[in-house]
Amino acid sequence: MSDQSASRHQVLVVGGGAGGLELATRLGRRLSRREALDVTLVDDKLTHLWKPLLHEVAAGTLDSFADDIDYLSQGRYGRFRFRLGRMDGLDRQAREITIAPSLDAQGREYIARRTLRYDTLVLAVGSETNDFGTPGVAEHCAFLDNRAEADAFHQRFVRACLEAHAQDQPLRPGQLHVAIVGAGATGIELAAELHHATRRLVAYGLDRIHPDRDVHITILEAAPQILPALPERLAETTLEALAELGIEVRTGVRIVRATAEGFETETGEQLAAEIKVWAAGVKAPDFLRHLDGLETHRRNQLLVTPTLATTRDPDVFAIGDCAACPSGDGFVPPRAQAAHQQANHMYKVVRRRLRGAAPPAYRYVDYGSLINMSRYSTVGSLMGNLLGRVGVKMTVEGVLARLVYRSLYTMHQVALFGYLRVAMVGLADLLTRGSRRRLKLH
């Protein structure tokens with residue numbers, strides 16, 4: 001490191017998800033030129049894809065290669081440095097993180113273990129699926145934590161349909177049955193996308209598959225109600241919409257084992273399903289539990305103060321799904337809107353730190369929740385904070401809800417690229433939409 005770099009404030013952002021990438025871009029573009037500031041983003045992947053889109057990638061209704069963002073390219077635009085690697089250690093006294101060696105597909109090391117220094121460290125490593133130690137889940141179920149897993153599930157689903165279309169013998173019990181554990185937003189949105197994708201596959205020539213008779217989609221939920229974050233009326237509306245699609249929803253069903261053939265419930269019932277997805281809960285990555293004494297929550301989340309600083313180190317911050325941030329009687333929920341808000345707040349914190357001022361406190365603002373069931377329906381609730389009427393909650397459905405849902409992704413794109421570029425990309429997408437295939441087939 002040069003003497004000039006050593007004299008500049010080093011901001012290290014670990015994790016290139018929604019919050020981390022937005023923060024690195026905003027700091028780099030707005031502060032790096034006029035302040036003595038260097039920004040570095042660390043991630044173990046080369047590209048970013050907005051996590052709420054993963055269910056569309058899994059169903060094939062969204063091409064992951066069309067919507068991903070290269071970190072190196074974004075770093076040039078956002079004036080930050082990108083370093084490929086997975087953080088696996090922290091030395092708070094030396095103010096350094098350790099990055100594990102990078103290995104190729106054959107297990108050969110091509111980037112050696114190394115360390116990076118920081119003055120301000122922001123951990124934004126997101127969350128991953130929590131299987132709660134349920135036997136067989138890791139071996140037999142798909143997860144949707146990242147693009148690679150979503151792509152792998154899509155390929156698995158298409159192969160299953162191709163196999164069923166080509167075989168002469170009758171389908172095996174559960175051969176084209178899809179069982180999704182977890183009736184939150186991910187599980188419900190995935191079920192609706194798969195319903196749509198199946199009909200597209202049949203339309204493209206797999207006409208020996210009957211989408212209503214052969215393909216059966218079931219959502220399994222241990223709780224007595226789906227979508228606990230939404231009002232009961234919207235949960236009922238969602239249930240009605242799923243029933244119209246022929247998607248079965250079973251609540252109060254606790255899974256105790258997963259096998260190649262399906263699931264076993266707490267009551268001993270055997271549910272046949274060769275295609276299984278686990279979307280029943282999230283936790284922060286396990287390595288956070290042993291990160292140089294930082295305090296963690298039971299789901300591995302880092303406990304933070306109202307300023308988003310970790311409770312045991314004022315130079316280490318956490319945002320997004322990996323942060324247990326106090327809010328009211330609990331914690332800020334792991335949502336994309338929270339990561340977006342916290343990225344904006346961390347920008348203010350860094351500006352204050354550069355001036356030697358105390359960091360401001362963060363306050364979570366709930367703008368509501370939306371569930372998008374492919375092209376069939378969109379429902380949700382909007383808080384008055386979004387409409388200028390504090391404390392008021394309104395329900396939305398149909399076209400209005402769909403427009404608001406799409407605006408969430410647009411806000412993320414604007415944070416990364418600015419209004420002009422997003423408008424140009426949106427116009428190009430509108431002009432070329434009719435010439436693109438509507439389902440990814442490989």
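In this predicted model, helices H2 and H10 cross in the right-handed sense. Two packed helices are described by the angle between their axes and the distance between the axes. For H2 and H10, that angle is about 40 degrees, and the axes are 9 Å apart. On the H2 side, the residues that meet H10 are Gly 19, Glu 22, Leu 23, Arg 26, Leu 27, Arg 30 and Leu 31. Their counterparts in H10 are Ala 339, His 340, Ala 343, Asn 344, Met 346, Tyr 347, Val 350, Arg 351 and Leu 354.

What do these helices pack on? The sheet in question has six strands, laid out in the order S5-S2-S1-S11-S23-S22. This sheet is open, and its pairing is mixed. Strand S5 (81-84) and strand S22 (309-310) stand at the edges with a single partner strand each, so one side of each has no neighbour in the sheet. At the S5 end, strand S2 (residues 37-43) runs parallel to S5, and four bridges join the two. One of the residues involved is Val 42, whose bridge partner in S5 is Arg 83. H10 packs on this sheet and touches S1, S2, S11 and strand S23 (313-318). The direction of H10 makes about 155 degrees with that of S23. Helix H2 (residues 18-31), for its part, lies across strand S1 (9-14), S2 and strand S11 (120-123). Its run is at about 160 degrees to S2.

H10 spans residues 336-354, and Gln 337 is found in it. With a relative accessibility of 17%, Gln 337 counts as buried, because the cut-off for that label is under 20%. A polar atom of the Gln 337 side chain lies 3.0 Å from the backbone nitrogen of Tyr 367. Tyr 367 is also among the residues that Gln 337 contacts once neighbours within four places in sequence are left aside.

A second open sheet is built from four strands in the order S15-S14-S13-S19, and here the pairing is parallel. Its edges are strand S15 (248-251) and strand S19 (275-278), each of which pairs on one side only. Neighbouring strands in this sheet are turned against each other by 15 degrees on average, if direction is ignored. Strand S13 (residues 177-181) and S19 run parallel, joined by four bridges. Within that pair, Val 181 stands opposite Trp 278 in S19. This sheet has a helix packed on it too: H8 (residues 185-203), which touches S13, strand S14 (216-221) and S19. The directions of H8 and S14 make an angle of about 175 degrees.

Elsewhere there is a hairpin, in which three residues join S16 to S17. Strand S16 (residues 255-258) and strand S17 (residues 262-265) pair in the antiparallel sense over three bridges. Ile 255 stands opposite Thr 265 in S17.

Next comes the loop between strand S20 (282-283) and strand S21 (302-303), where Asp 292 is found. Asn 300 lies in the loop between S20 and S21 as well. Asp 292 has a positive phi, near 50 degrees, and is a residue other than glycine. Asn 300 is not a glycine either, yet has a positive phi of about 70 degrees. Are these residues buried or exposed? Asp 292 counts as partly exposed, at 32% relative accessibility, whereas Asn 300 counts as buried, at 5%.

How many disulfides does the model hold? The count comes to zero, with a disulfide taken as a pair of cysteine sulfur atoms within 2.5 Å. Cys 161 is in no disulfide, and the nearest cysteine sulfur, that of Cys 141, is 18 Å away. Cys 161 is buried, with a relative accessible area of 2%. Cys 322 is in no disulfide either, with the nearest cysteine sulfur, that of Cys 325, 11 Å away. Cys 322 is buried too, and its relative accessible area is 0%.

How values were computed:
Residues numbered from 1 in each chain as written. Predicted model: local features only at pLDDT ≥ 70, side-chain atom pairs only at ≥ 80, totals over all residues. Heavy atoms only, no water. Buried < 20%, exposed > 50% of the residue type's maximum accessible area, 1.4 Å probe, protein only. Polar contact = N/O pair within 3.5 Å; in protein donor to acceptor, adjacent residues only side chain to side chain. Contact = heavy atoms within 4.5 Å. Pairing = 2+ DSSP bridges. Axes fitted to C-alpha atoms, helices over the stretch in contact; angles between N-to-C directions. Left-handed = near helix turned anticlockwise from the far one by under 90°.
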